[in-house]
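Have your viewer ready and try each one before you read its solution.

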Amino acid sequence: MKRLFTTFAAITAVLISGLAQASGELFIYNWTEYTPPELIAKFEKESGIKVSVDTYDSNETLLAKLQAGATGYDIVVPSQNFVPILINEGLIQKVGVHALSNFKNMEDRWTFPEWDSEQEYSGPWQWGTTSFSYNSELYSGTGASLKEFFEPSDELNGRLSVFQTPDEVISLANIYLGIPFCSEDAKQMKQIQDMLVTQKESVVAYNSETMSDLLASGEAIMTNHWSGYSRLGRLTGAPIVYAYPKEGVVGWYDSMVVPTSAKNVENAKKFMNFMMDPVNMAMLTENQGYGDAVKGTAAYYSDELKSAPEINPPSDLNVFFAPTCSPKAQSLIDKVWTKVMQ
Amino acid sequence: MSDQIQKPSTRKGKKMLPVGHYRGLSSWTIAFFIFLYLPIIVLIVYSFNANRMVMNWGGFGIDWYLKAFNNSDIQKAVWNSLIVATVATVFATAIATIGALVLARGGNFRGKTVSLGLITLPLMVPEIVTAVAVLIFFSAIGMNLGLGNVIIAHITFCIPFAFMPIRARLEGMDTTLEQAGRDLYASQWETFRFVTMPLLMPGIVAGAMLAFVISMDDFIITLMVGGAGSTTLPVYIYSMIRRGLTPEINAVSTMLLLASIAIVTAYWILSRKTQTSTEH
Amino acid sequence: MSDWLPKSAAGRRWLGLAPSYFVIGIFMLIPMVIMGVFSFLEPNPYGGVKPIGSLAAYIKIAFEYDLEDKLVFNPGYLNIIFRSFQLSFGATLLCLIFGFPVAYYITLQPENRRNFYIYLVTIPFWTNLLIRTFAWIIILGRGGVIEAPLLATGIIDDSLRMMYSDGAIAIGLTYSYLPLMVLPIYASLEKLDFRLLDAASDLYANRFEIMTKVVIPLSKPGIIAGCILVFIPCLGAFIAPNLLGGGKKLMLGSLVQFQFASARNWPFGGALSMLLLSVVIITLIFYARAAKNRAAMEGSA
């Protein structure tokens, strides 16, 4: 009993000491392994601020959590289509990113994006694309068109894998069928639904976790894939090719924003500024293998990264960034997906 | 309690299997443990995978162990998990034991069924719903204790898991021994301490083990209710999706397994020593 | 030592239940009441709720608006619920068949070895469920642990396609929840007095009768506890259906998850769990009634 009490007192002490030193701290909430420790160490050394990193699994979790009132985070990293939602719901605050000293380093293409047109809220993290990959030893096609993915040929029968959540799959379908993103037209969405139901006949699994493993083992010949993750699969020696279909691919852009409930806003701004320094951003990109939005980072890349096909798409590639859908459009997406999954 | 097992039945059975023993029972159990441990062996083997992928073999290597040793995030997550699981198990088991004693021994009283329902409530709600609901409640009352939030939530949902085996054991447990104790003028506390508790122990051990295992594995509730600084191992693992899981997780799991085996072995050696020393 | 305890039996009773009531009442019951209220509100498009009363979430479980905005019966969600019950039932049965003999075997062991076996049952569950499930993919997958030797020796020449099937889900669920079945059964069997078996044997009961008329009835509380512990979590399971089954058919667990994540319809998620909760509670009440009646009958006989 006494020992139990001592243990408990010790734990309480740890908890309290964690709360006590609130100044000089920064709480980052990000996807797992999306925040390289060496980068954090560098920031801590330069600024004297103590950083703590927690992790989540999806934009949806982040939104639900902030929506339900979670507090204590100074920086969170949502994708572009969640930024307007967070703004409208009053969950993140203006920090004047455009006025930070390193903002001048941003590539023009990425400044004042439509999801944050005044660049008041968001600082850059990583961006990448969503498309599909295939095992080049087992597949005879070239991944030149989304048709190969959505209307699979016989060789893919029972060997095709698709993401488990609707958003990116339906966005790709929009691109393939030439239907605008977030369509509110039930007939157009029915067209998507019919296509996905037919595609399902060839699907071996709906999977967003182990795409590279599926391709390497040959369980699947083609899967939905993210660019950087596909590169990591290829680097293990598996014959994985990331496809750039002629219709285009879905793009995503993750950025740092500051929740309304943040306690260390100034530290958060310091970190944002730190990340817009090309040296630091290059460290992140080298670690992650996606793309960044800061000028001059390429000078610090390794040769492998410089030449990786996954982050150096053909210059004529169409990259479409999905906007935030209206409630009506979102409920149609939800309906289509539930029907496909029945 | 155990000597009667060895008594052989002389009357029946071709090979004179003792009463209560059945042919094939031990092979069944062996099959059971193979089923249970096959994935664990695979998991350990793959922790030495030189490949980055969790599921495709790429040669032998111990890189992932070295990496895990240098990954302070993952270590912190492991510690958080162990702290949460230990504290939650202790509290949940204690609360469940008292509750089970009352419900199994308190006779029939008004509100018994309701109490039973309440204690098993955390079991009946899908995790995500509990997770969101508890988070809303925590933020409504402004409770922000970091890991403390997680511990409270874990105590709550571990109670029914600890409760069920304890109650199952208590139900119909022979009360004659306890009555004998009381007849011998043992106080109620003494009866409880020296008669009821030892009899109840297998139930408590089973209940505590379940609570611990359930807590160690919980992901959704922890993910939602956890404040800053409370990432646990399951949350860490599940959130790796966009980067892909690596054998580093296997390495960490293997080390956890070894640690658990070491702790229990040590415990056994120690308890055997004390047992032999008190016997004389 | 026990002077501070209340004198009356009722007082003691409530003192014993107080911790459970306190913890679960505050941290579970109140949140569930909140969720219950939410299920009668309108969804906020981006998560959360609007303070406007609505029955839409409950209507949605069985009906939908067609293209002409007419309310029509839609069995889609009910099918998902039914399928989940079926699957949970199957998995519970498998756990029972697989787990009961083992729990029984453990009780046959000398006392000092029993805890060792119980510990052996729990060790695998120290590792994360996701990782254990991945191990099953390695075992069942194309060219995996099972297939590789068969392929090498030429017994088969193509994949058996064991993965991404209902069988794989069943294996995964059984594996995930086995200890929840074995431990309660063991806890209730462990107190079994083997002299009863001898007595039965002396009365010319054969082995089968000893099992069905003595052992199983005596371990019933454990079997019931185990079945409840396996069945209910199985209803909400989503890892095995998704990873081993390929996620081709929605299950209740994923469906509810989906409402709080992508679909952002909290009231519907709340309504689904209220439905689930009522089904489970009604089943348990029926069971409690039946047990009480039986006990009363046996008492009077």
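**Exercise 1.** How much area do chain C and chain A bury between them, and what share of it is on carbon and sulfur atoms?

*Solution.* First, some ground rules. This is a predicted model, where local features need pLDDT of at least 70, side-chain atom pairs count only at pLDDT 80 or more, and totals for chains, interfaces and linings use all residues. Residues are numbered from 1 along each chain as its sequence is written, chains are lettered from A and ligands numbered from 1 in the order in which they are written, and side-chain values use heavy atoms, with hydrogens and water left out.

Step 1: get the area. Chain C and chain A bury about 2900 Å², with 55% of it on carbon and sulfur atoms; buried area here is the accessible area (1.4 Å probe) that two parts lose on being put together, summed over both.

Step 2: count residues. Here 33 residues of chain C are in contact (heavy atoms within 4.5 Å) with 39 residues of chain A.

**Exercise 2.** Which polar links cross the interface of chain C and chain A, and how many are there?

*Solution.* Step 1: salt bridges, meaning a side-chain nitrogen of Lys or Arg within 4 Å of a carboxyl oxygen of Asp or Glu. The rule finds 2 of them, and Glu64(C) with Lys339(A) makes a salt bridge with its closest N and O atoms 3.4 Å apart.

Step 1: polar contacts, each a pair of N or O atoms within 3.5 Å; within protein, one must be able to donate a hydrogen and the other to accept it, and residues adjacent in sequence count only if both atoms are side-chain atoms. The count is 13 residue pairs, both at pLDDT 80 or more.

Step 2: sort the chain C side by class. You get 16 nonpolar, 9 polar and 8 charged residues. In this scheme Ala, Val, Leu, Ile, Met, Phe, Trp, Tyr, Cys and Pro are nonpolar, Asp, Glu, Lys and Arg are charged, and the others, Gly among them, are polar.

**Exercise 3.** Within chain A, how do domain 1 and domain 2 meet?

*Solution.* Domain 1 is 24-127 + 252-307 and domain 2 is 130-251 + 314-340.

Step 1: 15 residues of domain 1 are in contact with 16 of domain 2, and the two domains of chain A bury about 1200 Å², 50% of it on carbon and sulfur atoms. Trp252(A), Tyr290(A) and Glu304(A) supply 42% of the area that domain 1 buries against domain 2, more than any other three residues.

Step 2: look at Glu304(A) again, whose side chain meets that of Arg231(A) in a salt bridge (2.8 Å, N to O).

Key. Domain bounds come from an automatic or database domain assignment.
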